[in-house]
Amino acid sequence: MNRISIGRLAPVTGLFTSESVSDGHPDKIADQLSDAVLDAALALDPTARVAVEAGIKGSSVWLFGELSGHGLDLDFEEIVRDVLISIGHGGDRWGLDVNALDVRTSISRQSEEIRTGVDGGTDTGAGDQGMMFGYATRETPERLPTPIALAHRLIRRQREVRDRLGLLGPDAKAQVSARYENGRAVGLQTIVLSSQHVPELSLAQVRELLREEVVRPVLGEAAAGVELLLNPVGTFIEGGPVADAGLTGRKIIADTYGGFARHGGGAFSGKDGTKVDRSGAYAARQLALSLLEAHQADACEVRLAYAIGVAEPVAIHLDLAGGGGSLISDESQARLLGSLRPRSIIERLGLEAPGFRATASFGHFGRDKFTWERPEVEALLGVDKSRTYGFSPGGQNVEEAAR
């Protein structure tokens, strides 16, 4: 049975908008709390099974979900405190006092039925059913679409300025609207940037600070003629979990491709590598990057589908910009199916080691520090990457398309 199909990726035309949020946004705090629990568990037992969600409002924190493993005596209050301090809540300057936390937990062991289905055979079965998407494009050095790549750059810059000057707060959001013509970003339309700040700054001072210290260093000459909406609602003094509640998994579009590619709906944070919501999405990104490199395409979207307890994906679909011929040989189909089994993904990407909290802010993709950002043309596709394939989307080669 052929489980692999290939199609064309339709070019985008018109305005496209993506957003990114800071590590101090309440939903991102929740994501970091979930992944901090995962890291703590994996540090004690690399085979731990973790699916932990978090909620935060003010100084009240809830951790709930499933956790199984050997010797997992975790200090949840210390984990929460460490995360909040690293974000900038060491005192009560931003309204959240880490010395007055109320941390509550409701955590049980993983279902025995799921454990048997995932770990009971000779291979590791998928920890859930569902579909995952991966995407890669040549638009930016991050191999991400322009709007989400720039939104992440703005938010990372906001953190740098916040640490250096101490005038901006932990909570911030960026939004970038770009103009596309036939699949190519040709200009920027609007930049929206909102940042929490100290009360001593006037609105005019905050806007000047954001324009000169955040936007211009990131965009450079591209900022000319772009509509800038800086703290458009006005002052932004009260923010983070003091102003809004946060929950794990509410920023899945900012975590991935900014809406440019489709999303299967599953969140990443707080889940170990057997949960294909996470590991499958990471593998799909790596496969998209590998296809981009191997076949000289402008962009690629990968779609995977898994059945709970079954190791091999039940379906793989590949879309490349401009179409193309037979991209996957009969020989490489078997190799690809095997490389997308959860155990293979976990081993290839090193998903039994702690370090997931770093993914929980500023995006899971587009950063070289993560193993899934490294194309594996030969390992995944069985292709000699030194070969030239001459794949020409839309009748142009890559250099012509970039111009």
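Reader: Which residue follows H4?
Author: The residue after H4 has a positive phi, near 70°. H4 covers residues 146–165 (helices are DSSP runs of H or I, at least four residues, and strands of E, at least two, numbered from the N terminus). The residue that follows H4 is Gly166.

Reader: What kind of model is this, and from which number are residues counted along each chain?
Author: This is a predicted model: local features need pLDDT of at least 70, side-chain atom pairs count only at pLDDT 80 or more, and totals for chains, interfaces and linings use all residues. Side-chain values use heavy atoms, leaving out hydrogens and water, and residues along each chain, as its sequence is written, are numbered from 1.

Reader: How far does H4 reach from its first C-alpha to its last?
Author: H4 has 20 residues. The expected span is 1.5 Å times one less than the number of residues. H4 comes close to that figure, reaching 28 Å.

Reader: At what angle do H4 and H5 pack?
Author: H5 covers residues 203–219. The axes of H4 and H5 lie 9 Å apart. Leu150, Leu154 and Val161 are among the H4 residues that meet H5, whose side includes Leu209, Val214 and Val218 (contact means heavy atoms within 4.5 Å). The packing angle is about 130° (axes are lines fitted to C-alpha atoms, for helices over the stretch in contact, with angles from 0 to 180 degrees between N-to-C directions).

Reader: How many charged residues does the contact of H4 with H5 have?
Author: Arg153, Arg157 and Arg164 of H4 take part, and so does Glu213 of H5. By class, 10 residues are nonpolar (Ala, Val, Leu, Ile, Met, Phe, Trp, Tyr, Cys and Pro), one is polar (the others, Gly among them) and the rest are charged (Asp, Glu, Lys and Arg). The charged count is four.

Reader: How many charged residues are in the contact of H1 with H2?
Author: H1 (residues 26–44) packs on H2 (residues 76–87) at about 130°, axes 10 Å apart. Leu33, Val37 and Ala40 are among the H1 residues there, and Phe76, Val80 and Leu84 among those of H2. The contact has 11 nonpolar residues and one polar.

Reader: Which residue in S5 stands opposite Gly65?
Author: S4 pairs with S5 in the parallel sense. Seven bridges join S4 and S5. Opposite Gly65 stands Ile107.

Reader: Why is one side of S1 and of S6 left without a neighbour in the sheet?
Author: Four strands form an open sheet in the order S1-S12-S11-S6. S1 (4–9) and S6 (130–137) stand at the edges, so each has a single partner strand.

Reader: Which helix packs on this sheet, touching S6, S11 and S12?
Author: Eight bridges join S6 to S11 (residues 299–306), and these strands run antiparallel. Thr137 has Ala299 as its bridge partner. The helix covers residues 276–295, and its direction makes about 35° with that of S6. The helix is H8.

How values were computed: Pairing = 2+ DSSP bridges.
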